[in-house]
Amino acid sequence: MQVTVGTSILELVEGDITQQDTDAIVNAANEQLRVGGGVDGAINRAGGPQIQEEARKIGYCPTGKAVITTGGNLKARYVIHAVGPVYRGGHQGEAELLASAYRESLKLASARGISTIAFPSLSTGVYGYPVKEAAKIALKTVKDYLKDHPEIKLVRFVLFGTPTYQTFAEALAQV
Ligand code: ADP
């Protein structure tokens with residue numbers, strides 16, 4: 001499913017983010033930038049040790065921000081490591097931190113001349129963010145960014161499994 005925002009495309013697909021051929025893929029990282037499970041483990045396995053070596057040199061990334069490494073053996077040239085919030089009930093600034101993680105990733109892409117980028121659903125695995133709420137925030141943040149930033153030509157959400165894809169598809173109809 002896809003929509004256009006200005007001259008850019010916002011796309012939802014069900015699949016595996018490690019296989020994407022966008023300029024950059026986004027990783028759901030932790031503040032320590034250490035290899036974890038979930039999408040992080042999958043990206044590091046597929047991309048090889050170079051990604052973790054570069055991440056280790058950067059060392060740290062606060063929640064709501066993002067850092068960039070090369071893509072190692074991936075098709076994508078870059079991995080943007082975004083740190084979404086751990087969900088603690090929704091009254092600890094989670095919504096703004098989640099929006100910020102998406103926005104900061106997009107800003108990094110613009111600054112590096114990256115015009116196509118793939119996101120997973122940040123924070124909705126181990127970090128426990130309810131997918132329905134997270135989907136609305138993710139899609140609204142990306143749409144708002146694309147309105148002012150035509151240099152980003154494609155944002156693709158790569159959703160893992162049909163339930164997550166369906167929830168994002170319903171949210172896209174609403175935002
Ligand atoms: P977080 O710690 O930010 O919650 P997770 O990696 O645990 O990050 O989960 C984030 C989302 O990524 C979840 O929806 C999970 O199902 C999904 N995911 C896991 N593996 C992949 C993959 N290979 N491609 C895309 N999404 C994935």
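This tour moves from the ligand site to the aromatic pairs of a predicted model.

Begin by selecting the ligand, which sits in the largest pocket. Displaying its surroundings brings up 15 residues, the closest being Asp16, Val39, Ser123, Gly125 and Val126. Helix H1 (residues 38–47) contributes the most to this shell, with three residues.

Next, select aspartate 16, where an N or O atom of the side chain is 2.8 Å from a nitrogen atom of the ligand. At isoleucine 17, a backbone N or O atom lies 2.9 Å from a ligand nitrogen atom. Then turn to tyrosine 127: a polar backbone atom of this residue is 3.0 Å from an oxygen atom of the ligand. Of the 560 Å² of accessible area that the ligand has on its own, the protein covers 89%.

Select tyrosine 87 and tyrosine 129, a tilted pair with 4.7 Å centre to centre and 55° between the planes. Tyrosine 87 is in the loop between strand S5 (78–82) and helix H3 (94–111), and tyrosine 129 is in the loop between strand S6 (116–119) and helix H4 (131–148), 42 residues apart. Tyrosine 87 is partly exposed at 22% relative accessibility, whereas tyrosine 129 is buried at 3%.

Now select phenylalanine 119 and phenylalanine 157. Their ring centres are 5.7 Å apart and their planes are at 25°, so the pair counts as stacked. Because phenylalanine 119 lies in strand S6 and phenylalanine 157 in strand S7 (residues 154–159), the pair ties together parts 38 residues apart in sequence. Both phenylalanine 119 and phenylalanine 157 are buried.

Notes:
Residues numbered from 1 in each chain as written. Predicted model: local features only at pLDDT ≥ 70, side-chain atom pairs only at ≥ 80, totals over all residues. Heavy atoms only, no water. Phe/Tyr/Trp six-rings, centres within 6.5 Å; stacked < 30°, edge-to-face > 60°. Helix = DSSP H or I, 4+ residues; strand = E, 2+ residues; numbered from the N terminus. Buried < 20%, exposed > 50% of the residue type's maximum accessible area, 1.4 Å probe, protein only. Near = heavy atom within 4 Å. Polar contact = N/O pair within 3.5 Å; in protein donor to acceptor, adjacent residues only side chain to side chain. Areas by Shrake-Rupley, 256 points an atom, 1.4 Å probe, with all protein chains shown as cover. 1 Å grid on protein atoms, 1.4 Å probe; cavity = no way out; pocket = protein on both sides within 12 Å on 5 of 7 lines; lining within 4 Å. Sits in = over half its atoms within 2 Å of the grid points.
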